[in-house]
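Subject: Structure handover

Hi,

Here is the structure for you to look over. My notes on it follow below.

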Amino acid sequence: MTSRGEGPRGRRAAVGLTVLALGASLGCTPSSPTPQPSQVSMPSQVSMPSQVSMPSQPSAAPTPGTPTMTEIVSAPRCTTRTQSAGLALEEVFPGSTAGDFGDLDEVRPGPDAAEPALCPGELPESAWCDQSVPWTGLPFATFVVAAGATTAQRQDLGSYPTGSPVDENGNIEGARSLHYEQLNVRRGDPRGLLPYLRAAFAKCADARPAVVAGRTALVGHVTSLQGYAVPTEVVLITGSTSAVWVQLAGDGWDALSRDRAARAVLAFGDR
């Protein structure tokens, strides 16, 4: 049954009150204002890193075409070398109608020659007879340092008769060639060059004492490196601070021409 006063109007009023009550309990209003920027809450504190690492600046690339600097280590200055006119052909081969001669090759120790770490080299304990005279197996400049020489000279000369036949090795019959070397050493010969040479000539050339150009010498023979059928005669003359050796190749030598050549070499070394 429905009591008096509870008709449809009363029920609508009750529903409206119920809706209002529900809205009040939820805290909602029919039209809420839009928050303004000043009303937006910001965090009270923003933590920043204590230190910001900046990227290192890259090294500048070389400009194309710009030369770069490179450290150049200079080579050791073990020897110095000069070339000049040496013995004249006429001095060794007077009256020669044809011949040839090379420049005088002179080698001296360089600024670094006394430093073994920079300029190594020493004479062998015993001569290597399968090598060329003086049987050390050393290049000439290294030999100069190893010998403790103050100066060293060498030169080649040759003479041959005009119109002489040529053998199968390309050598001219009656030709003569001379190679000489002279080394000067300090007093006392601290590197032992002189005794080494005397022992080497005796061992490798079977050299025997003789008198050449009025000087006591060692004279021996070795196989010709030029291909001559006759052996090459080698002559060693030593003094207290010098050594001279001469190699006489070819079949045109005799005792007289050998002495003349040795005299010319010795005189030139004393200039």
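Start with the strands, which are DSSP runs of E with at least two residues, numbered from the N terminus. β1 (residues 79-84) and β3 (residues 104-109) pair antiparallel over six bridges. Pairing here needs at least two DSSP bridges between two strands. Ser 84 has Leu 104 in β3 as its bridge partner. β3 also runs antiparallel to β4, joined by three bridges. Asp 105 stands opposite Arg 154 in β4.

A caution before the side chains. This is a predicted model, where local features need pLDDT of at least 70, side-chain atom pairs count only at pLDDT 80 or more, and totals for chains, interfaces and linings use all residues. Residues are numbered from 1 along each chain as its sequence is written, and side-chain values use heavy atoms, with hydrogens and water left out.

Next, the surface. Asp 167, Glu 168, Glu 173 and Asp 251 form a patch of negative charge there. Like charges are joined within 9 Å, placed at CG of Asp or CD of Glu. Glu 168 sits in the loop between β4 (149-159) and β5 (176-185). Glu 168 counts as exposed because its relative accessibility is 74%; the cut-off is over 50%, with buried under 20%, using a 1.4 Å probe and protein chains only.

Last, Val 219 in strand β7 (residues 215-222). Val 219 counts as buried because its relative accessibility is 12%. Its C-alpha atom is 8.1 Å from that of Asp 206, 13 residues apart along the chain.

Best wishes

Methods. Patches are made of residues with over 30% relative accessible area and no salt bridge: like charges are joined within 9 Å, nonpolar side chains (Val, Leu, Ile, Met, Phe, Trp, Tyr) within 5 Å. Accessible areas come from the Shrake-Rupley method with a 1.4 Å probe; for residues, only the protein chains shown count as cover. A salt bridge is a side-chain nitrogen of Lys or Arg within 4 Å of a carboxyl oxygen of Asp or Glu. Lys and Arg count as positive and Asp and Glu as negative; His and the chain ends are not counted. Helices (H or I, at least four residues) and strands (E, at least two) are DSSP runs, numbered from the N terminus.
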